[in-house]
Every structure is written in structure tokens, then in C-alpha cells.
Amino acid sequence: MVIDEEILYQMGATIENYNVSDFIFCENNIPSYYYQIAVGEVKLNNYNEEGKEIIQTILESGESIGESLLFMDKPYPINAVALTACVIIKLSKSSFFLLLKKYPEISLDMNRCISQSLYFKFIMTQNICSQNPVSKLKTLMDYLKSFEIEKSPFSFQIPLTRQQMASLTGLCVETTIRTIKAMERNNMVKICNRKILY
DNA sequence: TCATTAAAGTTAT
DNA sequence: ATAACTTTAATGA
């Protein structure tokens with residue numbers, strides 16, 4: 001968890017509930033709140049000219065949403081959409097900065113947090129430029145698995161749909177499916193009732 | 001080779 | 001039931 005929920009409430013944070021596919025904020029909105037997920041999953045996305053969805057990242061409980069934008073004066077370049085029913089803690093920008101002043105340790109945590117998402121971005125942009133779909137998907141799965149304690153092969157069930165994997169890597173779903181099947185044939189993954197084990 | 005289109009089967013709501 | 005996801009196959013850049 002990025003910031004202790006009690007501290008957020010002390011600073012005047014409120015709770016918001018969202019249903020699946022509700023927008024928490026939209027592209028071009030002015031960032032004016034700090035958002036932290038108490039329960040649920042959220043994706044940050046864009047739509048390209050053809051209307052194809054590009055998922056920038058998927059966030060889960062305890063993570064903050066688009067916090068890096070609070071430190072500058074630009075509108076959001078992405079949408080934040082609930083993937084599940086969500087409970088989200090919301091704190092005004094001004095209170096958020098008061099909080100950072102009051103708790104320097106949290107300010108440091110915030111830096112760690114932004115570094116983490118920047119790290120993911122570095123890996124994924126490099127990835128998106130690579131041509132080969134196997135390496136795109138492998139890079140994504142390696143990243144996801146890197147947070148797991150259990151490192152043995154096929155111990156990790158990918159918590160994404162093929163559609164989401166496609167939107168994260170810039171591939172089309174069909175190519176994602178075919179590539180995953182080819183990877184199964186090469187013993188890089190296992191597929192157990194449609195779930196991908198890596 | 002990969003994207004696109006279409007069609008059909010499967011799962012989740 | 002209906003929508004969302006998964007899969008296969010054909011075709012074209």
C-alpha cells in the first residue's frame with residue numbers, strides 16, 4: 001500500500017465506489033485528486049485513431065492512480081477505468097501536498113512508487129518496439145511473474161485475459177492467442193482450462 | 001509474418 | 001439472455 005489509509009482519512013480523504021467500466025477520470029481532465037485503490041482493479045488506457053484500445057498499465061488494491069500527474073500542470077493523457085467494482089480513496093491535490101510535507105517518509109514512498117511505474121514503462125516501451133510477438137508476451141509475463149515468490153516454471157497463472165495481454169503489447173487478440181499456443185508447443189507456457197501458466 | 005475479418009464456441013453477468 | 005472472451009480459418013499487406 002502506498003499511503004496508510006488512516007492517514008489519508010485524517011487528511012480529509014473520502015471514499016468513492018465505482019462499478020465495472022466506470023471512468024475514474026478521463027483523458028484531458030485536470031488532475032485535482034490523489035486516488036488510491038482500496039478494493040478492486042483499474043486500468044489506464046488510451047484509444048488510438050482506429051479505436052483500438054491501448055492499455056498502459058493495470059493497477060490493483062493499494063496502488064495509486066495517475067499520481068505522477070499531480071506533480072505537474074498538465075491534463076491527464078490517459079483514462080482510468082474500473083476493471084472490477086472498486087472502492088477508491090480520494091484526496092484533494094492540496095491536501096495531498098500537505099500530507100507529503102507532514103510525512104516526509106511518505107514522500108519518499110511516493111518516489112519509489114513513481115520509479116516503479118516508470119520502470120514498467122521502460123520495459124514495455126522497449127518491448128513495444130520489438131517486432132517479435134513471442135518476446136513481447138514473454139517480457140510482459142516475466143514482469144508480472146517478477147513479483148511472485150515462487151519462481152518455478154508454470155507456477156504462475158497470468159492474471160490477464162488474452163484481450164488484455166494484446167492491448168498491453170499492441171498485438172491483436174488473434175495473434176496473441178496463436179503466439180501463446182505456439183509457446184505452449186515449445187514448453188514455454190502451459191495452458192490449463194484456458195488459464196496461462198508461466 | 002502479422003493484421004483483419006468473419007464465424008462460431010465458451011464463459012461470465 | 002446477453003455480452004465479453006476465446007478460438008479457428010481465410011485473406012491480404
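Which helix gives the most to the surface near DNA strand B?

1. Helix H6, residues 173-185, gives the most, with three residues. Please keep in mind that this is a predicted model.

2. The residues around DNA strand B are Pro 133, Gly 170, Leu 171, Cys 172, Glu 174, Thr 175, Arg 178 and Arg 194. Sorted by class, this surface has three nonpolar, two polar and three charged residues.

3. In Glu 174, a polar side-chain atom lies 2.9 Å from a base oxygen of DNA strand B. For Arg 194, a side-chain N or O atom is 3.3 Å from a sugar or linking oxygen of DNA strand B.

4. The largest nonpolar core has 19 residues, of which Met 141, Ile 158, Met 165, Val 189 and Ile 196 touch the most other members. At least two residues of this core come from each of helix H3 (104-129), helix H4 (133-145), helix H5 (162-169) and H6. H4 gives the most, with four residues. Domain 1 (5-125) and domain 2 (131-197) each supply at least three residues to this core.

5. Leaving aside neighbours within four places in sequence, Val 189 is in contact with residues including Met 141, Phe 154, Ile 180 and Ile 196. Another core, of 17 residues, lies apart from the largest one, with Val 2, Leu 91, Phe 96 and Cys 113 among its members.

Methods. Residues numbered from 1 in each chain as written. Chains lettered and ligands numbered in written order. Predicted model: local features only at pLDDT ≥ 70, side-chain atom pairs only at ≥ 80, totals over all residues. Heavy atoms only, no water. Near = heavy atom within 4 Å. Polar contact = N/O pair within 3.5 Å; in protein donor to acceptor, adjacent residues only side chain to side chain. Nonpolar A, V, L, I, M, F, W, Y, C, P; charged D, E, K, R; others polar. Core = buried A, V, L, I, M, F, W, Y, C linked by side-chain atoms within 4.5 Å. Buried < 20%, exposed > 50% of the residue type's maximum accessible area, 1.4 Å probe, protein only. Domains from an automatic or database assignment. Contact = heavy atoms within 4.5 Å.
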